[in-house]
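Please look through the sequence and the structure before reading on.

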Amino acid sequence: MTSSPDLYTCLGVARTASPEDIQLAFRQAARRFHPDTNPDPSASEEFKLVAHAHDVLSDARQRADYDAGAAPETIVVTLATTGSREHLRPVDEPQAVYYLVNISATAPAVFPAPPLNVCLVIDRSTSMQGPRLDQVKAAAAQLIEGLKPNDQFSVVAFSDRAEVILSAQQSRNKSAAVSRVSTISAGGGTEILQGLTAGLQELQNSFNGRAVNQLVLLTDGRTYGDEDDCLLLATLAERDGITISGLGIGDEWNDEFLDRLAAATGGESNYIGSPPAVKKQLADQLHRLGNTMAQHLRLQVTCDPGIELRSAFRVAPNPGPLLPAMQPLRLGNLRHGDTVSVLLEFLVEKAGVGIHNVARLSAISDVLSVGSTNERWQADLQLPVADKPAAVPPLAIIQALDKVTLYHLQEKAWAAIEGGDVAMATRRLERVASKLLAGNEPELAGVVMREIDRVGNTQQVSAEGRKRIKYGTRALIAAPRDTR
Amino acid sequence: MITCPKCSHVEYEGTLFCSECGARLWDDPAADSTANLDSKTLREIEQHTVIVPGRTTLSKGKIAFRVHGTTDQIRLEGKTEYLLGRRDPKHNIVPDLDLSAYNGQKQGVSRRHAVVRRDERGLLIVDLGSANGTGVNGITLTANEPFRLRDGDEIRLGKLAMNIYFLAD
């Protein structure tokens, strides 16, 4: 068991700090996080960690033991932060500041690929009949062929009730497994709760703390009346260390619901435009899972008093909005050589003097190779206050924020449509199209133009156009930037 | 608080992009200027992305503009640089091509919108960081970046479109 978080980082002092430094740092940290002064819900947790770090480091013998025993960590997680400004201005009004947080993991030695514990939950409602279900079955068969000896794979099919087609035990015999999957036939309605319940049960049966535990939901429809129960189930799954990802086929499925379902566990949700793309999407997802070093990654943002976290957005991988109210932010898996980027927007109520603390970030994760849970890495965000003009913000922040703003803009257009404000929706879509054209995305701009026409003629948008624009603008966020 | 120059939405100090229109809210002389246009204009841009090949070279340095929907030919000669915009005597802005009479303000033409300049190879146009941008043959120009013009090119200042011609005599 590694000691986590690093006690020196926790107090914000160097390893060479004197006992006086440690006392001073403790008093400062206590002022920031004591629940009496900081209303942030996670402040008391940070305070306990600070108090523990102080207890150990202020006792000479315990400190020596800690320094000697600081076991080499299995993996090293770094939190690199870039702020939108170099300083706050000494003004009496609220100020916005953005941070791009890059979380990455490196292993000291050769990193063994973790085993997978995956359950594929397939929608077999009537509308899946034909190429959709055929392609999904072919994709499942391909996954079965690619399983490694330690992997566990199960398949659940659901309509208005669910059926375990293949248990993890049964997938050991590959040819029998493929023929079992081929028996799935379409028929019935779509009740996602049924499929989720059965799928999570299968994953629990074969649960392994050192494996990547993942449920992949494939659906082409809407579920009615059981959304809240599904979300509750996802929240519980996340606590058990299971991630849910959603793949929507065609245009009828409920994108908002699937987004929220996946986001509750830090998983990804994606749009599959045509049935043949299923195979590649699924294979890609499984391949990525195989590179997982730590799972159940969460980012806890503890704001200092007078600071508000206004919004959070996962920029990469799998861009998508995060809910600041639902802390810690769920970020899914952390893969070898990969970076999880999150864009945070804070509001500083009133800048004081000197150095202004903004927030403490804690990345929390379960490390697969040693089976340890809730490992913690920390970083502090702080800014000096100075009365000088603002510098040009760093390019990384501008590029990320530009695309995220575009994504939010199209979301606001749909909200205006739903609120019956056609003029506002049109104006927002025009701005989206204008920005897309300026950003050299004529194809996506064309899709937006067609929706503007449709709104003008019918006061409605098409389900297909809306999904293409939403997932199209979202994909731009992760796309490599063109350098002009 | 700061106010978006494009749509007047109010944002907190330090905000980088307007949440209502996506416009940039910090000062950066090198950045792109993004035009906010309505869908009709955008559609026209799509229809006009054909490049008109240059025919006449700029031998004598005489040029003429024709605003779309009019037959007037506005001739300019004798200078190496012409300002395109709207007249504003209060601020002592007197453009060589004054578009006030062509409903310039409503069409989104800035007072100091763009400059057309001669060099040894011909003619260049530079958008001066105008509010609604400058386009040539459907391509939106980057502010402060010169763009080479050819005879017959379509120029768009805001929503106001015109052609430029190089005159032989």
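Which residues are linked in a network of salt bridges? The network joins A:Arg32, A:Asp304, A:Arg360 and A:Asp380. A salt bridge here is a side-chain nitrogen of Lys or Arg within 4 Å of a carboxyl oxygen of Asp or Glu.

This is a predicted model, in which local features need pLDDT of at least 70 and side-chain atom pairs count only at pLDDT 80 or more, while totals for chains, interfaces and linings use all residues. Residues are numbered from 1 along each chain as its sequence is written, chains are lettered from A in the order in which they are written, and side-chain values use heavy atoms, without hydrogens and water.

Over all chains the structure holds 30 salt bridges.

| Pair | Closest N to O |
|---|---|
| A:Asp6 and A:Arg15 | 3.2 Å |
| B:Asp88 and B:Arg111 | 2.7 Å |

B:Glu13 lies in the loop between β2 (10–11) and α1 (39–47) of chain B, and A:Arg85 in the loop between β1 (76–83) and β2 (95–106) of chain A, so this pair joins two chains. Helices (H or I, at least four residues) and strands (E, at least two) are DSSP runs numbered from the N terminus.

Burial follows relative accessible area: buried is under 20%, exposed over 50%, and partly exposed in between (1.4 Å probe, protein chains only). B:Glu13 is buried at 12%, and A:Arg85 is buried at 12%. B:Asp88 is buried at 10%, whereas B:Arg111 is partly exposed at 37%. A:Asp6 is partly exposed at 25%, and A:Arg15 is partly exposed at 43%.
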